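Hi,

Here is the structure I promised to pass on.

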Amino acid sequence: MTAAAPTVVWLRAAILLFVAQVTCEYGMVRVVSETGGPKGKDYCILYNPQWAHLPHDLGKALRDWTASMLCSPSDLPAKGFSNQIPLVMRGNCTFYEKVRLAQGSGARGLLIVSKETLVPPGGNKTQYEEIGIPVALLSHKDMVDIFKSFGRAVRAALHAPNEPLLDYNMVVIFIMAVGTVALGGYWAGSRDVRKRYMKHKRDDGPEKQEDEAVDVTPVMTCVFVVMCCSMLVLLYYFYDHLVYVIIGIFCLASSTGLYSCLSPLVQRLPFGKCRVPDNNLPYFHKRPQVRMLLLALFCVAVSVVWGVFRNEDQWAWILQDALGIAFCLYMLKTIRLPTFKACTLLLLVLFVYDVFFVFITPFLTKSGNSIMVEVATGPTDSATHEKLPMVLKVPRLNTSPLALCDRPFSLLGFGDILVPGLLVAYCHRFDIQVQSSRIYFVACTIAYGIGLLVTFMALALMQRGQPALLYLVPCTLTTSGALALWRRELGMFWTGSGFAKDIPQPSWAPAAAQGPQPPKESEATLSQQPPGEAQVMPALPAEQPPELTEPKDVAGVST
């Protein structure tokens with residue numbers, strides 16, 4: 001019993017910290033000059049409604065303002081804070097001590113200025129019951145802007161306007177994510193199967209050469225996860241130094257992905273087929289077609305334009321999303337999970353990784369913030385104010401003033417698209433292997449969409465960043481496995497039997513010979529027929545198709 005006591009204490013502390021993070025809310029402070037200067041301006045504040053709720057109506061809001069330091073009775077003014085809102089600096093004592101002194105001197109609220117990351121002003125149940133005035137945190141940068149814009153004689157109103165649980169931009173993100181997973185999974189599966197069937201038709205020209213898919217092994221999975229963990233921790237501690245490296249990698253990888261996505265379309269154009277003259281230059285010695293060279297220049301130009309104007313919030317996000325989708329499609333086409341066992345290993349390991357860095361790391365960091373969320377959104381104390389580009393982002397579409405606080409963009413990481421997308425691609429390849437009319441592919445894609453909707457619901461209910469793989473992995477893995485079990489194909493689905501080597505021929509096709517065998521009489525007769533001479537075809541069994549030379553459609557994949 002004694003040994004279990006520390007565990008219980010830690011568990012209670014964890015629950016209290018979790019509750020404190022969930023109950024923090026954003027509010028607004030409207031500042032106007034008492035001397036009739038410039039028009040009023042809104043600033044973001046972070047408050048804990050367990051102290052006291054802010055009014056939702058600006059007309060009922062708190063009004064007066066005064067600046068003061070407050071950590072001991074000696075900091076109180078002689079006449080107190082009667083009907084005022086003190087502005088004090090964070091530090092030297094607890095939130096409770098500050099707000100207790102302010103309330104005792106007649107203050108109607110308390111604003112605490114913080115030079116660090118804003119955290120919800122916490123306390124315990126007894127303190128919450130004692131305090132009856134709202135307490136909120138204001139960033140030091142905003143305080144400096146207030147005094148610079150309005151001077152010291154200002155009036156303020158604290159309020160918390162109503163905001164919809166979910167923004168309409170979630171619909172845009174949902175369509176982009178599900179569309180990318182469906183298109184990438186379909187393209188990857190079809191491309192892999194088509195390569196197996198049409199090897200004899202491949203054009204060896206440089207434009208027709210496709211990148212070989214990379215099969216993911218358990219060792220590669222472990223190495224990949226270790227690299228992800230290391231990079232995430234390094235970004236957390238050295239964000240300002242590494243963010244430009246990530247931006248450069250994204251520009252290079254996304255331009256490659258865009259070229260890979262557009263090249264099949266450009267190759268269908270009826271012009272620009274002429275080739276570069278003979279030369280000894282790198283890449284150019286292969287004499288690429290002019291149209292493919294122009295496409296490469298276009299993709300590089302798009303990537304460079306985004307890199308130069310990446311901080312233009314009004315339109316740069318469109319280029320980032322387009323490049324990000326192209327990058328995801330390219331990765332889904334290039335990386336291949338050969339078995340459902342490999343899919344399960346990768347998804348479960350990244351499931352733990354995602355949950356750990358979102359939900360567990362707040363207990364390990366000094367600021368109490370999630371490492372994953374901090375890196376994905378960019379540290380608030382970053383000197384560069386750069387954001388990582390490895391996300392799809394869409395600006396908020398509602399007109400709530402709280403969009404000023406709660407990030408102007410909604411984000412979805414590339415990993416939340418790529419990881420389930422690899423499983424969707426495997427399901428499509430397996431569909432073609434067993435000729436199941438894409439039932440695995442469709443079911444896994446629908447499961448991904450449902451998992452994403454559950455993620456959005458959790459985001460709305462908990463009002464904090466969510467590890468999307470926490471919901472996507474169970475939805476997709478469970479659906480795929482249950483479907484295979486229901487169809488009595490779980491063993492083949494788990495090991496990918498026969499798929500890693502070759503796609504099995506239809507039941508009526510002649511089996512591959514294990515060694516040299518003499519041809520049948522009818523085959524020998526056909527093979528000896530002179531060209532152009534009429535030949536009487538031998539009668540075929542009724543169930544055997546008359547032609548096996550070139551299938552026009554294989555399990556729904558047009559060739």
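**Helix packing and confidence**

In this predicted model, α6 passes α10 in a right-handed crossing (right-handed means the near helix is turned clockwise from the far one by less than a right angle, left-handed anticlockwise; helices are DSSP runs of H or I, at least four residues, numbered from the N terminus). The axes of α6 (residues 218-237) and α10 (residues 340-360) come within 10 Å and cross at roughly 15 degrees, with axes fitted to C-alpha atoms over the stretch in contact and angles running from 0 to 180 degrees between N-to-C directions. That makes the pair roughly parallel (angles under 35 degrees).

On the α6 side, the contact (heavy atoms within 4.5 Å) includes Phe224, Cys228 and Leu232, and on the α10 side Leu346, Val349 and Tyr353 are among the residues involved. The contact residues split into 13 nonpolar, one polar and no charged (nonpolar is Ala, Val, Leu, Ile, Met, Phe, Trp, Tyr, Cys and Pro; charged is Asp, Glu, Lys and Arg; the others, Gly among them, are polar).

On confidence, the chain averages a pLDDT of 76, and 74% of the residues score at least 70 (pLDDT is the predictor's per-residue confidence, from 0 to 100).

Bookkeeping: residues are numbered from 1 along each chain as its sequence is written, and side-chain values use heavy atoms, without hydrogens or water. Local features need pLDDT of at least 70, side-chain atom pairs count only at pLDDT 80 or more, and totals for chains, interfaces and linings use all residues.

Cheers

Notes:
Helices (H or I, at least four residues) and strands (E, at least two) are DSSP runs, numbered from the N terminus. Angles under 35 degrees count as roughly parallel, over 145 as roughly antiparallel, 65 to 115 as roughly perpendicular and the rest as oblique.
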